[in-house]
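Subject: The structure I promised you

Hi there,

Here is the structure for you to open on your screen. Have a look around, and then read on for what turned up in it.

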Amino acid sequence: MASQSKLEALKSMAYLCVQCGYCREKYSDTVLTTLPAYRVCPVREHSAGFEHYCARGKIKIAQGILEGRFPYSEELVSVLYTDPDCKLCSWICHAEPRLDPPKIWRAMREDIVAAGFGPPEPLKQIDRRVAEKHNVFGARPDRRARWAAGLDLPRTGELLYFAGCHASYPKPEIARSVVALLRTAGLDIAYLGEDEWCCGVVQWHDGSVEIARALAEHNVEAIRRSGARRVVTACAECLKSLKIEYPALVGKLPFDVVHVSEVLAELVAGGKIVPQRAPGERKITYHDPCQLGRYCNIYDPPRKLLTGIPGVELVEMRRHRGNAWCCGHGADMVKSMDPGMAAAIAADRMSEARETGAEAIVTACPRCIEALERVPDALKVYDLSVVMARAMGLEI
Amino acid sequence: MKHPLYSALAEIVGPKYVTDSDFAVFAYSNNSSQFPSRVPGIVVRPGSTEEVSRIVKLANRTKTPIVPRGGACSYGGWPEGEPGRSICVDLTRMRRILEFNPVNKTVTVEAGITGTELETRMREKGFCVHTIFSPSDSVTVGGMICGESGAAAGRDFSAAGMDWLFTWGLKVVLPNGEIIQTGSGINPNAKNHSRVSSGPDLTGLFIGSMGIFGIVTEATLQLFHWQGHEAVGSIAFAHDRLDDAHRAMAAMDAHEPKLCSTLALFGPGPAMPPGQDWVIMYRVTGFTQEEVDRKLGAIGRIVKETSPVNKGSTPQSEQMTDFYMARMHDSAHGHGMWFMIESLVPRDESLRLLKESLDWLKRELAGWERRVPVFNSSLFAQLDGDVISYHGMVDLLDAEAREKAIAVQKGALDFLLGKGGNIIVLSKDLCDVGARHFRPECAAMLRTLKAALDPNNIMNPHIFGLP
């Protein structure tokens, strides 16, 4: 029997669920829930649909574990890891902070890892890559800062850009756009170079908290050494790790953590940067990344930026803001466990985007971009910072 | 070890839709209630009526009990079937809208669609069904018909009554696996457009049946045009003016044509401090704002004539109204397991029964007010009758309180049924309470019907005091 220490700590939460089933389907537009959510759980919708694929079933299973009714079997471990932790169930339940369903199965995953039953091999591979190379791709650590070639960025300063793995390796245009935008506004921006490690988002979710802890301690110390008072990132997952997970682990951070959309919105409002023109496509829809929206409650700044671009029409998908459907790639969980399911979830989102008549999707998370771009016949998918840089006519 | 029917069920629905894993069946061991878990042996998610029929035939051949499952949101205990052996038939995969007919004003759906999904889809077309307000969003149409006694209600249940009135016909898999159609569709040459058939009302046999006579797989429901305008309001009465409040509410509900789509009287429950107001809360709907305004004017006149000593609308009454109209079920989230005590009573006895049952609850819960809090006492008007309703909460980790809550829930219903009420929301343990108050002849008839239709007693056994 696996250790139940983490789940035990959440025992009272695990028995708060009223089993109402809103985490499966919630259609009401009554007063408290201001938006209809329709079918709630992407995993339930793209699996066999048994109760154990949605929050109330998993919470019931947590009760079963706590009551010693069954152990963590290989099949149960697989179920608990096939989840994007998109948190739509929490948003629908509106019982936070007393009841936050994903916290329960994240605790179960920690117990599974502590007992040596997990994480499953696909995630273990990512863990190994991160532990050894400090990035999710297993790429050479000494190439982490290649995106900054020619930018002459300092290693110290009050405002520090945390690029994250995706912007450092496959999506350098995001990092270069952020730097260009902030410099245009007259801000001095520093970075960590090769000393920046993965934020640990996958490990926070897959239960490998010892790896996540090492990453967090390293990054916090590196940022502290840089003298930064404010850390800005363009990655929703890095933001969530730094802003929510790190303080829970190491206590109050000696710096603030903000998303680039918040900084850019401040700069636009202050007239420090002035978007000039549409980036190409004019009718745009915005996809709320789960980790930026439901985890960090950032919904308005990206929208303010997009609507502030001359010639751009922002059209909302039917499910947006707290109600947004996941891209399917959250923390690489579903993508690793069931790539077909992840692709189907992303295809749902692309269909919703198409329904709006938009010519392009803008989002603020590289992993969402990766997921949405892989949908066959996808609309163009842009990162918010890249769009803003283009709107400013900046050379990247 | 695999359930003995695993392979046979997998052959019917495909292996993807069968599970007998220990954790998976445990997730099917309860509904939205504080009652103990009752674990099935295997769970199957059929995709069609024909698959349900084959499952039932298999269960008959092997004498394996079946427990049908919709949204599993009832709050009175999950059916036990035969723990560890039963087949739980999860109908929620069957959620298609089969026919929308705006001319006949009918919609035919698979039983696993939630009432609120159906309502949302119909509203997009300018129509509505009577399912949006209560019970909770994830209750299925099949669950409302069989498990809620047709007592699910639209936002106009005070004016129009409960769902069973608008259920035109059903497709049902009988306990022997045969498939029948009730309502006008009893004639294979006829559409499902009316409850009226060329014979007895077979539809009624399955409403509130808890599935003991068969599994409802499709339903044809009446559609109504959506009334797009509405207003809500409240009137407060001092705590010692319950009689006045009841008189006003009864007068509001007695008006023809009906004024209020939703009408309820709310007061404090045993857990609340004394001295709190009674509050009438109402919702008025109409096709135009003028219609709504006319109804609001009539309500004002009626209250002034019948019960002039009131406080009008107060901040507290408005807050309570917002709370209620947003569905109180939702407010339980993150606090504890919600439970209800609800009984339909005649209007001319509702005031007396409310007072007597409130006194009963206060006695029974003396000393338990914090651990088994019952927050409110209320009357919901519905078609010139009233539903007495109490709402409570319990911490599932407090075993003593949990037992007390179960005892009080069953005891209060027993009390109300002994005084002339009836249960409106069915579930295993509450049905057993209801069955204690069946006339002996009716109980015998039920046994006869059950034995005739289900000689192997496979279909949701042990409900209504039946074997």
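In chain A, the axes of helix 10 (residues 172–184) and helix 19 (residues 384–391) come within 8 Å and cross at roughly 50°. Angles under 35 degrees count as roughly parallel and 65 to 115 as roughly perpendicular, and helix 10 and helix 19 of chain A are therefore oblique to each other. Helix 10 of chain A passes helix 19 of chain A in a left-handed crossing. From helix 10 of chain A, the contact is made by A:Glu173, A:Ile174, A:Ser177, A:Val178, A:Ala180 and A:Leu181. Helix 19 of chain A brings A:Ser385, A:Val386, A:Met388 and A:Ala389 to this contact. Sorted by class, the residues of the contact between these two helices are 7 nonpolar, 2 polar and 1 charged.

Before you go further, please keep in mind that this is a predicted model.

Helix 13 (residues 399–418) and helix 14 (residues 428–435) of chain B pack at an angle of about 30°, and their axes are 9 Å apart. Are these two helices roughly parallel or oblique to each other? With the limit for roughly parallel at angles under 35 degrees, helix 13 and helix 14 of chain B are therefore roughly parallel. Helix 13 of chain B passes helix 14 of chain B in a right-handed crossing. On the side of helix 13 of chain B, B:Lys410, B:Leu413, B:Asp414 and B:Leu417 make the contact; on the side of helix 14 of chain B, they are B:Asp429, B:Leu430, B:Val433 and B:Gly434. This contact has 4 nonpolar, 1 polar and 3 charged residues.

Now for the sheets. Strands of a sheet pair through backbone hydrogen bonds, either parallel or antiparallel, and you can find both kinds here.

In chain A, 4 strands form an open sheet in the order 4-3-5-6, with parallel pairing. Strand 4 (190–191) and strand 6 (256–259) of chain A are its edge strands, and each pairs on one side only. Strand 3 (residues 159–161) and strand 5 (residues 230–233) of chain A pair in the parallel sense over 3 bridges.

Chain B has an open sheet of 5 strands in the order 5-6-10-8-9, and its pairing is antiparallel. Why is one side of strand 5 and of strand 9 (179–181) of chain B left without a neighbour in the sheet? Both stand at the edges, each with a single partner strand, so one side of each has no neighbour there. On average, neighbouring strands of this sheet are turned by 10° against each other, direction ignored. Strand 8 (residues 167–173) and strand 10 (residues 215–222) of chain B pair in the antiparallel sense over 6 bridges, and B:Leu170 has B:Ala219 of strand 10 as its bridge partner. Strand 5 (residues 97–101) and strand 6 (residues 106–110) of chain B pair in the antiparallel sense over 4 bridges. There, B:Glu99 stands opposite B:Thr108 in strand 6 of chain B. The hairpin of strand 5 and strand 6 of chain B has 4 residues between the strands, and B:Lys105 takes a positive phi near 55° in this hairpin.

Next, the domains. For chain A, the domain assignment gives domain 1 (5–114), domain 2 (121–267) and domain 3 (272–391). The C-alpha centres of domain 1 and domain 3 of chain A are separated by 26 Å. Their contact takes 17 residues from domain 1 of chain A and 18 residues from domain 3 of chain A. Helix 6 of chain A gives the most to the domain 1 side, with 3 residues.

Chain B is assigned domain 1 (6–90), domain 2 (93–225) and domain 3 (230–423). The C-alpha centres of domain 2 and domain 3 of chain B lie 28 Å apart, and their contact takes 8 residues from domain 2 and 12 residues from domain 3.

Last, how do the two chains meet? 35 residues of chain A are in contact with 43 residues of chain B. Helix 4 (55–66) of chain A is one of the elements that supply at least two residues of the chain A side, and helix 4 of chain A gives the most, with 4 residues. The chain A side divides into 17 nonpolar, 10 polar and 8 charged residues.

Enjoy exploring!

Notes: Residues are numbered from 1 along each chain as its sequence is written. Chains are lettered from A and ligands numbered from 1 in the order in which they are written. This is a predicted model: local features need pLDDT of at least 70, side-chain atom pairs count only at pLDDT 80 or more; totals for chains, interfaces and linings use all residues. Two strands pair if DSSP finds at least two bridges between them. Domain bounds come from an automatic or database domain assignment. Two residues are in contact if their C-beta atoms, placed from the backbone, lie within 7 Å. Ala, Val, Leu, Ile, Met, Phe, Trp, Tyr, Cys and Pro count as nonpolar, Asp, Glu, Lys and Arg as charged, and the others, Gly among them, as polar. Axes are lines fitted to C-alpha atoms, for helices over the stretch in contact, and angles run from 0 to 180 degrees between N-to-C directions. Angles under 35 degrees count as roughly parallel, over 145 as roughly antiparallel, 65 to 115 as roughly perpendicular and the rest as oblique. A crossing is left-handed if the near helix is turned anticlockwise from the far one by less than a right angle, and right-handed if clockwise.
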